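Here is a short report on one protein model. Keep the structure in view as you read.

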Amino acid sequence: LLITRNASKYKIKTHKGAQKRWIKNGSGTFKRGPSARNHGNAGWTQNLLAKKDRKVKAGTNGRHINRLK
């Protein structure tokens with residue numbers, strides 16, 4: 001006997017760590033900080049490090065984006 005629950009009754013809460021990493025724009029799209037900037041950056045040029053500091057636009061499709069809305 002398999003018992004399933006109706007998941008649509010319950011609110012799916014946003015993970016607080018993910019909520020702090022994503023920024024919602026006025027148009028409804030999301031931006032996040034790029035990866036690979038926390039440590040091990042010796043030897044990189046200043047131009048490449050500056051590019052890694054910019055925000056990255058998220059894709060418009062995907063379940064994780066819809067859950068952040």
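From the N terminus on, the chain runs α-β-β-α-β-α. That makes three helices and three strands. The model is predicted, so treat its confidence values as part of the picture.

## Confidence

The mean pLDDT of the protein chain is 75. Of its residues, 70% reach 70 or more. Confidence is highest in α2, at a mean of 86. It is lowest in helix α3 (residues 63-68), where the mean is 68.

## The chain as a whole

The protein chain has 69 residues, and 12% of them count as buried. Its accessible surface comes to about 6,500 Å². Carbon and sulfur atoms own 51% of that surface. Now take the contacts with a separation of 6 or more: residues 24 or more positions apart account for 43% of them.

## The sheet

In what order do the strands of the open sheet lie? The order is β1-β2-β3, and the pairing is antiparallel. β1 (22-24) and β3 (56-57) stand at the edges. Each has a single partner strand, so one side of each is left without a neighbour in the sheet. Strands of a sheet pair through backbone hydrogen bonds, either parallel or antiparallel.

Look at β1 and strand β2 (residues 30-32). Three bridges join them in the antiparallel sense. K24 has its bridge partner in β2, and that partner is F30.

## Rings

F30 also has a part in the one aromatic pair of the structure. Its partner there is W22. A pair of aromatic rings is described by the distance of the centres and the angle of the planes. For W22 and F30, the centres are 6.4 Å apart and the planes make an angle of 85°. The pair is edge-to-face, because an angle over 60 degrees counts as such.

Is F30 buried or exposed? F30 is buried: its relative accessibility is 6%, and buried means under 20%.

The charged end of K52 sits over the ring of W44, 4.6 Å from the ring centre.

A36 is placed in the loop between β2 and α2 (46-53). N41 is found in that loop between β2 and α2 as well. Leaving out residues up to four places away in sequence, A36 touches N41 and K52. A50 lies in helix α2.

How exposed is each of these residues? The table gives their relative accessible areas.

| Residue | Relative accessible area | Class |
|---|---|---|
| A36 | 51% | exposed |
| N41 | 17% | buried |
| A50 | 36% | partly exposed |

A36 is exposed because its 51% is over 50%. N41 is buried because its 17% is under 20%. A50, at 36%, falls in between, so it counts as partly exposed.

Two C-alpha distances complete this part. A36 and D53 are 17 residues apart along the chain, and their C-alpha atoms are separated by 9.8 Å. A50 and R37 are 13 residues apart along the chain, with 9.9 Å between their C-alpha atoms.

## Looking back

Go back to the structure and find F30. F30 is the bridge partner of K24, forms an aromatic pair with W22 and counts as buried. Then find A36, which is exposed and touches N41 and K52.

Methods
Residues numbered from 1 in each chain as written. Predicted model: local features only at pLDDT ≥ 70, side-chain atom pairs only at ≥ 80, totals over all residues. Heavy atoms only, no water. Helix = DSSP H or I, 4+ residues; strand = E, 2+ residues; numbered from the N terminus. Buried < 20%, exposed > 50% of the residue type's maximum accessible area, 1.4 Å probe, protein only. Contact = heavy atoms within 4.5 Å. Areas by Shrake-Rupley, 256 points an atom, 1.4 Å probe, with all protein chains shown as cover. Pairing = 2+ DSSP bridges. Phe/Tyr/Trp six-rings, centres within 6.5 Å; stacked < 30°, edge-to-face > 60°. Lys NZ or Arg CZ within 6 Å of the ring centre and 35° of its normal. pLDDT = per-residue confidence, 0-100.
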